[in-house]
Amino acid sequence: MAKYVYDFTEGNRNLKDLLGGKGANLAEMTNLGLPVPPGFTITTDACRHYLATGVVPDGLEQEVAEHLDALEKQMGRRLGQADDPLLVSVRSGAKFSMPGMMETVLNIGLNDESVHGLAKQAGGNDRFAWDSYRRLIQMFGKTVLGIDGDLFERALDELKGRRQDTDLDAGELQRLVETFKGIVREQTGEDFPTDPRQQMRLAVMAVFDSWNAPRAILYRRQERIPADLGTAVNIVAMVFGNVGDDSGTGVAFTRDPGTGRQGIYGDYLQNAQGEDVVAGIRNTIPLEELERIDKTSYDELLGIMKTLENHYKDLCDIEFTIERGKLWMLQTRVGKRTAAAAFCIATQLVDQGLITLDEAVTRVTGDQLAQLMFPRFDGGADKKRIAKGMNASPGAAVGKAVFSSERAVELSEQGEDVILVRRETNPDDLAGMIAAKGILTSRGGKTSHAAVVARGMGKTCVCGAEELEVSPPERRFTAPGGVVVSEGDVISIDGTSGEVFLGEVPVVDSAVVEYFEGAPPEDELVKAVDRIMRHADSARRLGVRANADTPEDAARARRFGAQGIGLCRTEHMFLGERRQLVEDLVLAATDEERQAALDALEPLQKTDFTQIFQAMDGAPVTIRLIDPPLHEFLPDIVDLSVKVATDSPANRATEKDRRLLAAVKRLHEQNPMLGLRGVRLGLAIPGLFAMQVRAIAQAAKEVPGARPEIMIPLVAAVQELEAVREEAERILAEAGVEALIGTMIEVPRAALTAAQIAEAAEFFSFGTNDLTQMAWGFSRDDVESAFFSRYLDLGIFGVSPFETLDREGVGRLIRIAVEEGRSARPDLHLGICGEHGGDPDSVHFCHEVGLDYVSCSPFRIPVARLEAGRAALTETDSDTR
């Protein structure tokens, strides 16, 4: 019979798939002998069964009852016992951290009788008992019963006025409980449930259901967390931080999650429960002040933090409660951190001997490196600072101030950059946080919801800017000195310094970009990046090349570490002023006219290639012969038709216009992406490819060490390639130049006949943009805005197949081509030149299938280098396990 419930003493941190991250880590801390309240975990298997069938699996309720009985015996009191109640929390906990996205209910077991028993437990503290009871009804009402949480918040705000929650006395809180029960009755038609076991059962179901809540779905999509994992449920004996000033709750990090620096980092709040800290509804105090308030607990906490960091060998995020001077550990996990902190912490742990340099490379990601390459504010620019908060998540963000998540999404969809401004964020703000360039709050600290979620997403965030009076109803905030910022006004926020500026502040390249451009590594972050990049380069098997069409792009690519050019798109060289020469080529009525047009283009092409060969300084350059849909080079058929039809003195059509219109009509295609382009164009216009090959050969002769590779595009049959190759080899031989000749695999038929094509090709380069279009039957320009968002909502896509390679479909075509191509030609050189070459997950796929290199845009080269190293080291690590 399946086991669905595990006591904390039965689990460990390696059971995250089954127990979720929270349950696995609670079990791990229990096994380490740390002070963890007793409890048990309902597995993700039970959640998945419930979500699939709508009912809990057979045997679950009996297992829960048995574990609850054992917990009651251990604690010496029963759940909700009137004179001496055991209370429990019911908490979510998925494999991957999803802060605030799913549900938690505290104080399960309270009712009109047990509230008096709780007060007795606390030494006659009636205020604490009624505060705990109102929290239960408020959380249960919103989470389990689906009541609008604002109804409870408004009732609380009306009662306290300008006071803090802690200023309410026992009598006021007792009246608030009655008000809350009235809200429940009015909204549901039923009384608040008073049976403790029913409360717990309903709360467990609510946690299961919260896995598919809209904000949880949105967060998983943003973080690429699989939708089929489900959440575990943790049932834990309550410990209370809201008993009085000798109690409290906090969140701590073993290092600064913003910078990686070692020290005491975290927030503490006296006389509060954990939700008060992460919600940011009251401003916390720095964790260091706990030493003054309760030195015994402070010293014990520091010892536990050291134990956990050494045990997990990483930055740990810790939640704790102090109940009347007794420290309890409620959660630990490997903490979310900024990109800068990730690199610094990885190298620090190496220096401390906790991890190897191999492990350090696998601890950072290409996405984090990309974040470090974002611009920063110009230090020398004129700036008007209007406030300062906590530097919760670094970066430079500029945009229009907006005061609701809905408005942030609306303006973002219109192409506007926005800064989401809130008193504090909550999980319902997730859509706006994703849409915004940055987040600014007037409340909360580095462990508030806004800070934690922003760091996880790599969003710039400033929290706890207490100087600001934020008024969402009026859509404005007021800063010191009477500065008023209304919705739509531009502000700039610096997540590194915590500063808030009025207006737009200019940005400059980041220090990491300057390093890749050749500046020596000087500060701690850049030194960490340099160290990790060097090791990744030494470990990787995959080469990294650039997609570059100009000498400037080629030179930058070399500075960024490119080992060659994997895609030089020659059609980009025919735009602008040269379009006229292409028109002449299309209009050519005789062989002589066509040759004259080609002769005019050839020296221009030779100059292009010469400059690129010079910039690459002996590195290989893969030049794709012209591959555009032909309509891109010709005038718009409608515009030209109108011009010829009107033929007025003010808009006189020439004879050339009439000839051009006839040619455009003759060549017009309903679907140009599947029409006369690539190798077909080269074969249809005699001499076009020959001109390009001659220009390549002449340029290569002039540049010592030049290593041209000629790529024939859109080949679907080996005969096409053979026809072009024969002519190209003759031209190269006459020039005395050696060059590899290969093809771009971008048509499914080419992948499926790779063994034949490999007999005529010395290399394959996978053009995954077109291969994805043709494999899916998508026209990228048309479908992304038409229905991709709906496909993401329905889970048909986890991520756009143009963003990350579709391994099952397009990936299978690539695997077939790799295996069959190399079976026919063992020395076949293989690369990828679609923009997937710079996508981290796609780079790992390219490593797995045995490609020789990836090619991507210059700014993605460092990302590809790092991920290629991570792919090699991850493979090595898995091989040794």
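Me: Which residue just after α23 takes a positive phi?
Reply: That is Asp-617, where phi is about 50°; please keep in mind throughout that this is a predicted model.

Me: And how many residues does α23 itself have, and how far does the helix reach?
Reply: Helix α23 runs over residues 591-616, which gives 26 residues, and from its first C-alpha to its last the helix reaches 36 Å, close to the 38 Å expected at 1.5 Å a residue.

Me: Which residues of α23 are buried?
Reply: Among the buried residues are Ala-597, Leu-598, Leu-601, Phe-609, Ile-612, Phe-613 and Met-616, and the list also includes Arg-594, Glu-602 and Asp-608, together with Gln-605 and Thr-610.

Me: Switching to charges, how many salt bridges are there?
Reply: The structure holds 53 salt bridges. As background, side chains of opposite charge can pair when their charged atoms come close.

Me: What does Arg-725 pair with?
Reply: The side chain of Arg-725 forms a salt bridge with that of Glu-729, at 2.7 Å from N to O. Both residues lie in helix α28 (residues 718-735), and because they are four residues apart there, about one helical turn separates them.

Me: What about Glu-410, which residue does its side chain meet in a salt bridge?
Reply: Glu-410 meets Arg-407, with 2.9 Å from N to O, and these two residues sit three apart in helix α16 (residues 405-413), so they are separated by about one helical turn. Each counts as partly exposed, with a relative accessibility of 37% for Glu-410 and 24% for Arg-407.

Me: Which residues are linked with those two in a network?
Reply: Arg-475 and Glu-487 are linked with Arg-407 and Glu-410 in a network of salt bridges.

Me: One more pair, then: which residue does Arg-540 meet in a salt bridge?
Reply: The side chain of Arg-540 meets that of Asp-537, and the N to O distance in this salt bridge is 2.9 Å.

Me: How accessible are Arg-540 and Asp-537?
Reply: Arg-540 is buried, with a relative accessible area of 14%, while Asp-537 is partly exposed, with a relative accessible area of 26%.

Notes. Residues numbered from 1 in each chain as written. Predicted model: local features only at pLDDT ≥ 70, side-chain atom pairs only at ≥ 80, totals over all residues. Heavy atoms only, no water. Salt bridge = Lys/Arg side-chain N within 4 Å of Asp/Glu carboxyl O. Buried < 20%, exposed > 50% of the residue type's maximum accessible area, 1.4 Å probe, protein only. Expected span 1.5 Å × (residues − 1).
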